[in-house]
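Welcome, and please open the structure in your viewer. We will go from stop to stop, selecting a few residues each time and looking at what is there.

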Amino acid sequence: MKLSPESLMMSYGYKPELSVGAIKCPIFQTSTFVFKSAEEGKHFFEVAYGLKEKQPDEELGLIYSRLNNPDLEILEDRLTLWDKAEDAAVFESGMSAISTTLLEFLKPEDLILYTTPVYGGTDHFISKILPSYGIHTLGITPYDTKEEVLKQLKQHKYGDNLAFIYLETPANPTNALVDIGMFREIADECRENGKEIYIGVDNTYMGPIWQHPLEHGADLVLYSATKYIGGHSDVIAGACLGSKELIGRVKVLRTFLGCMAGPWTGWLLMRSLETLKVRMEQQAFNAAKVADFLNNHPLVEKVYYLGNLGPEHGRQYDIYKKQCKSDGAMVSFDIKGGEKEAFKFLNSMKLIKLAVSLGSTESLAEHPASMTHSDVEPELRERMSITDKMIRLSVGVENYKDIIWDIEQALEQVDALVVR
Ligand SMILES: *Cc1c(COP(=O)(O)O)cnc(C)c1O
């Protein structure tokens, strides 16, 4: 019987007999591990540095917590289950997972193709830091067709040097979808020129439950585990998942950059994973109720929510049907008016917290144009409909009636502001 990931989150990869019978994996708050003998120490190093093959049933010997630690290894094994990945690497932040991965797969003169806007930190890393290492960049929008992308590659001076495709889907904060399979085709066609082109997908918005990029042709899946995976707004962490070969490469660079997650972070995330599915399902259920309320409110001009997609949305709807297993818990909306009305709404909330971040147990709201996306070029912001009237909600696990009550009373405050 093949058990579901949610049934395995409490026990997978952990042996109580190795920890005096403790039902939960303890926090191995230790920097180094004692070898039983010099011969054992030598063997562990030989395996760790790839000089010797690991025996099929052999556990990797514990050496030093920058290389390995039980809290990280067990967490990594559990994380692989949702995405059906061969291996995973965890990091002390989503940004360190992303930056380490990009540095491993991109070399001077290479070109990275990426969807815009991506997460602000990622955008800064790609557009400001990678070029200082001689890496070329090409940003496209989620709405570009295959022909349009190929044309832009052809016109780009370094289009033949394409080495990495970096996607974020759904896009933040508009929920615009990117077709991962289409980029697989593009990578395969461009690869005919010779070298490997890897596809990495930031799955923070939908994963690891509602979207599995590896199934659609991605090579690597990236997470800010700070969001749904951590889920309690109390830890910063990240992860990268993929084949044994590719994650092996990422782990080597992680060892030398020293950006692995610590044991306490590992333990917190293991604890969070036990409730991941119930939390995410409740959040998606609540988000559907919230979106329904917003869809019918006279002070709301437009709602950006995956559940609102229908056949009339053409390609976006096709991608949604193919890639998304849920409508998610992120709902953005345009309020009638502009920044004044949006700020009045945000300042009037009583239950929902005014904060960036997402995917947590508590509901959060923020103003993308002046906060998370204030760095995005005005022209792109306009093109992606990120205007002063937009508010982004991350719906939590509270009673949905209370969330709606809060939104309703805040909208009443906005209404009072406008003299009609
Ligand atoms: C938050 C976030 C990141 C960055 O992760 P950190 O854990 O804050 O370093 C990357 N991508 C997306 C989509 C995010 O939401």
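How many residues surround the ligand, and which are the closest? Select the ligand and then its surroundings: 14 residues surround the ligand, and the closest are Met95, Asp202, Ser224, Thr226 and Lys227. Keep in mind throughout that you are looking at a predicted model.

**Stop 1: the ligand and its contacts**

Begin with glycine 94, and show its backbone. A polar backbone atom of glycine 94 is 2.9 Å from an oxygen atom of the ligand. Now move to methionine 95, where a backbone N or O atom lies 2.8 Å from an oxygen atom of the ligand. How much of the ligand does the protein cover? On its own the ligand has 380 Å² of accessible area, and the protein covers 93% of it.

Colour helix α4, residues 94-105, to see which element gives the most to the shell around the ligand: α4 contributes 3 residues. If you colour the shell by residue class instead, you will find 6 nonpolar, 5 polar and 3 charged residues.

**Stop 2: the largest pocket**

Now select Lys54, Glu59, Leu60, Asn68 and Glu73. Of the 48 residues that line the largest pocket, these lie nearest its centre. About 1700 Å³ of space lies in this pocket.

Which helix supplies the largest share of the lining of the largest pocket? Highlight α3 (70-83), which supplies at least two residues of the lining, as do α2 (38-48) and α8 (244-257). The largest share, 8 residues, comes from α3. Colouring the lining of the largest pocket by class gives 22 nonpolar, 9 polar and 17 charged residues.

**Stop 3: the cavity**

Rolling a probe the size of a water molecule over the atoms shows where empty space is left.

The structure holds 1 cavity of 30 Å³ or more, and about 30 Å³ of space lies in the largest cavity. To find the largest cavity, select the residues that line it: Pro170, Asn175, Tyr205, Met206, Tyr228, Leu306, Asp327, Gly328, Ala329 and Met330. By class they divide into 7 nonpolar, 2 polar and 1 charged.

**Stop 4: some backbone details**

Stay with proline 170, one of the residues lining the largest cavity. Proline 170 is found in the loop between β4 (162-168) and α7 (180-191). Is the peptide bond from threonine 169 to proline 170 cis or trans? The bond is cis, with omega near -5°.

Now select proline 173, in the loop between β4 and α7. A cis peptide bond joins asparagine 172 to proline 173, with omega about 0°.

Look at the backbone of lysine 84: phi is near 50°, a positive value in a residue other than glycine.

Note on methods. Residues are numbered from 1 along each chain as its sequence is written. This is a predicted model: local features need pLDDT of at least 70, side-chain atom pairs count only at pLDDT 80 or more; totals for chains, interfaces and linings use all residues. Side-chain values use heavy atoms; hydrogens and water are left out. A residue is near a molecule or strand if one of its heavy atoms lies within 4 Å of it. A polar contact is a pair of N or O atoms within 3.5 Å; within protein, one must be able to donate a hydrogen and the other to accept it, and residues adjacent in sequence count only if both atoms are side-chain atoms. Accessible areas come from the Shrake-Rupley method with a 1.4 Å probe; for residues, only the protein chains shown count as cover. Helices (H or I, at least four residues) and strands (E, at least two) are DSSP runs, numbered from the N terminus. Ala, Val, Leu, Ile, Met, Phe, Trp, Tyr, Cys and Pro count as nonpolar, Asp, Glu, Lys and Arg as charged, and the others, Gly among them, as polar. On a 1 Å grid over the protein atoms alone, a cavity is a set of points where a 1.4 Å probe fits but cannot get out, and a pocket is an open set with protein on both sides within 12 Å along at least five of seven lines; lining residues have an atom within 4 Å of a point. Grid points are joined across faces, edges and corners, and a volume is the space filled by probe spheres set on the points.
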